[in-house]
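Please read the following briefing beside the sequence and the model. The points are grouped by topic.

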Amino acid sequence: MSSTGQTTSQQISPTDAADPVDHAAIDDSITSRQEMTGLQAMIRTQPFWVMMAIIAIGIVMMFVSDVFMTERNMYNVSRNFAFFGIMALGMGAVICTGGIDLSVGSLMGLTGIVAGLVMQAGYGIELGFIACIGSAALVGLINGVLIAYVRLAPFVVTLGSLAMARSIAMVISNNKMVYEFGPDQDLFEWIGGQSVLGIPNPVWVLAILTIVFWLVWRYTIWGRWVIAIGGNAKAAKLAGIPVERVVVSVYMLSASMAGLAAFLMVGWFGSVTNALGLTYELNVIAATVIGGANLMGGVVYAFGAPIGAALMELIRNSLLLAGIDALWQQFFVGLFLVLAVLLEQVRNRGRVD
Amino acid sequence: MSLLELSRVTKSFGAIHALQGVDLRIAAGEAVGLMGDNGAGKSTLMKIIAGNFPPTSGAIRIEGKDVHFHRPIDARHHGIEIVYQDLALCDNLTAAGNVFLGRELKKSVGPFKILDYKAMYQRAGELFGELKSETRPRDLVKQMSGGQRQAVAIARTRLSDPKLVLMDEPTAAISVRQVKEVLALIKRMKDTGHAVILVSHRMPDVFDVCDRVAVLRRGTKVADRRIKDTSPEEVTGLITGAIEHAL
């Protein structure tokens, strides 16, 4: 999001107390306030501080573990968080409108199975991809219509799809694993599981999408409208923005990102069961919030998605390498989630008023 | 010829008659205060002019032509802009972002159409300048005073160069100093030939900027006086019903 800034809390227009208005003072205060530089604007964002935390953890880990900085470990860490980062990009859009999408984990299961079954039946990877993203977008469309037009609560609607999508995945897979992916099996497994220039393909996908999303949030009308809806849906409606259609599109986008993550993940695993993505929705939401999204809506950072996802994976990896009992993992992920929200609160308190 | 003319406008919600045969005329460059107690029908009349819903019966004419509004956008197409009481601004956007909300300026970059921030900041700056407001286009609305927020909401109505601006309680929730700013904004709109309907509970505001005052009581217009021919005492009497009629 374009973060805008104001450096002082001093208002230009004096309030009631100041009877004869001191225009010279006002002019001074106007001229003394300069446009913020790009760096200043960046320092004010949540993703920046989370990035600092990542670097701090990274420095500590370099001393704690010899393995941490190895190419192999970095490769694994980055690949592991890429899937969550991709979904967090879509989740960011949903949360920006003040909604939530709990169905992304189940959607991975459903769309992974759909892609697997289509390719197992002998169709090429193109059709597998289209079926994967198409089925995701369809569920997103249903979610969106129920939320935007029927006005049901996003939490309830997507909780319903969470259950239904997983169930349909079980039904159509007949509870069996799919590991034959037809004529394009090699290509499919390469896309999800291999690397280009030493960087895992899912990480490339995440990097490209992050830039695309950044451009979308900053420069497109659609992005602007999503942010406006999150700020004040009623105002957006009165301004003539097709609020319902934009909200539907946001849920379709989030679902499609889950489909894309599933497509890559199944390729990496080389097999898919209907349990793919089980409970991932919580990690995705956590990553999105750590990346600076505000559940009240109106705030979105494209770079928050990969950064939030990276922090979570880093915590997991660090605990593992530091030899701390794996049972502590969830504790620290939860701790950072709360700390991230706290950080945002504190920063906002300093800025408003 | 009046800019806006309402004739015999009624509105019923089931058994409740919110408006009963209201006539109202307003000319270009004129400011009319619309007053009345809660439930007198002010909001209903506002919403009819704004296009939120059509009247049950009666006619709306703009520059002599019959018009029918079904949605707020219809009213906007006919040159009516509304400044809502809660201002309907997005706190998380800049002043310029709010001014251009829903009508963003675009420029072409290759095959893409992208937001033209520079043009929007510039145009918004010009609009604030015309309003003699110190509001700065790049500031977040979240950080603004009530007066500045009003300036944003008013600047927004000027984008389309409307014929009539409808203002709902623009001075209700702001400080004394800011009230002066807002009233100055209204005078500026009159000077530029815009008609203004000011819905307000505040007698001094109406007497300061309006040319006429129309009083509603229980769905009927009980008075339509030129400001110089009436007094705050008389208007108060008309609002409360202590004085029956003064047409």
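**Helix H1 of chain B**

H1(B) is followed by Gly51(B), whose phi is positive, near 85 degrees. Helices (H or I, at least four residues) and strands (E, at least two) are DSSP runs, numbered from the N terminus. This is a predicted model, in which local features need pLDDT of at least 70 and side-chain atom pairs count only at pLDDT 80 or more, while totals for chains, interfaces and linings use all residues. Residues are numbered from 1 along each chain as its sequence is written, and chains are lettered from A and ligands numbered from 1 in the order in which they are written.

- Seven of the nine residues of H1(B) are buried, so this helix is largely enclosed by the rest of the structure.
- A residue is buried if 20 or more other C-beta atoms lie within 10 Å of its own, exposed if 12 or fewer, and partly exposed in between, with C-beta atoms placed from the backbone.
- The buried residues of H1(B) are Lys42(B), Thr44(B), Leu45(B), Lys47(B), Ile48(B), Ile49(B) and Ala50(B).

**The six-stranded sheet of chain B**

- In chain B, six strands make an open sheet with mixed pairing, in the order S6-S9-S10-S3-S11-S12; two strands pair if DSSP finds at least two bridges between them.
- Strand S6 (80-83) and strand S12 (220-226) of chain B are the edge strands, each pairing on one side only.
- On average, neighbouring strands of this sheet are turned by 20 degrees against each other, direction ignored.
- Axes are lines fitted to C-alpha atoms, for helices over the stretch in contact, and angles run from 0 to 180 degrees between N-to-C directions.
- S6(B) runs parallel to strand S9 (residues 164-168) of chain B, and four bridges join them.
- Glu81(B) has Val165(B) in S9(B) as its bridge partner.
- Helix H1 (residues 42-50) of chain B packs on this sheet and touches strand S3 (31-36), S6, S9, strand S10 (195-199) and strand S11 (212-217) of chain B; the direction of the helix makes about 150 degrees with that of S9(B).
- Two residues are in contact if their C-beta atoms, placed from the backbone, lie within 7 Å.
- S6(B) is covered on both faces: Ile80(B) and Ile82(B) are buried on one side, and Glu81(B) and Val83(B) are buried on the other.

**The four-stranded sheet of chain B**

- Four strands of chain B form an open sheet with antiparallel pairing, in the order S2-S1-S4-S5.
- Its edge strands are strand S2 (16-26) and strand S5 (65-67) of chain B, each of which pairs on one side only.
- Neighbouring strands here are turned by 30 degrees against each other on average, direction ignored.
- Five bridges pair strand S1 (residues 4-13) with strand S4 (residues 57-62) of chain B in the antiparallel sense.
- Within S4(B), Ile60(B) is the bridge partner of Leu6(B).
- H1(B) packs on this sheet too, touching S1 and S2 of chain B, and its direction makes about 60 degrees with that of S2(B).

**Contact between the chains**

- Chain B gives 30 residues to the contact and chain A gives 27 residues.
- On the side of chain B that touches chain A, helix H2 (72-77), strand S8 (112-115), helix H5 (146-158) and helix H6 (176-191) of chain B each supply at least two residues.
- H6(B) provides the largest share of that side, four residues.

**Helix packing in chain A**

- Helix H5 (residues 104-120) and helix H13 (residues 280-290) of chain A pack at an angle of about 130 degrees, with their axes 6 Å apart.
- H5(A) and H13(A) are therefore oblique to each other; angles under 35 degrees count as roughly parallel, over 145 as roughly antiparallel, 65 to 115 as roughly perpendicular and the rest as oblique.
- Val104(A), Gly105(A) and Met108(A) of H5(A) make the contact with Tyr280(A), Glu281(A) and Val284(A) of H13(A).

**An exposed loop residue**

- Gly110(B) lies in the loop between strand S7 (106-109) and S8 of chain B.
- Gly110(B) is exposed, with 6 other C-beta atoms within 10 Å.
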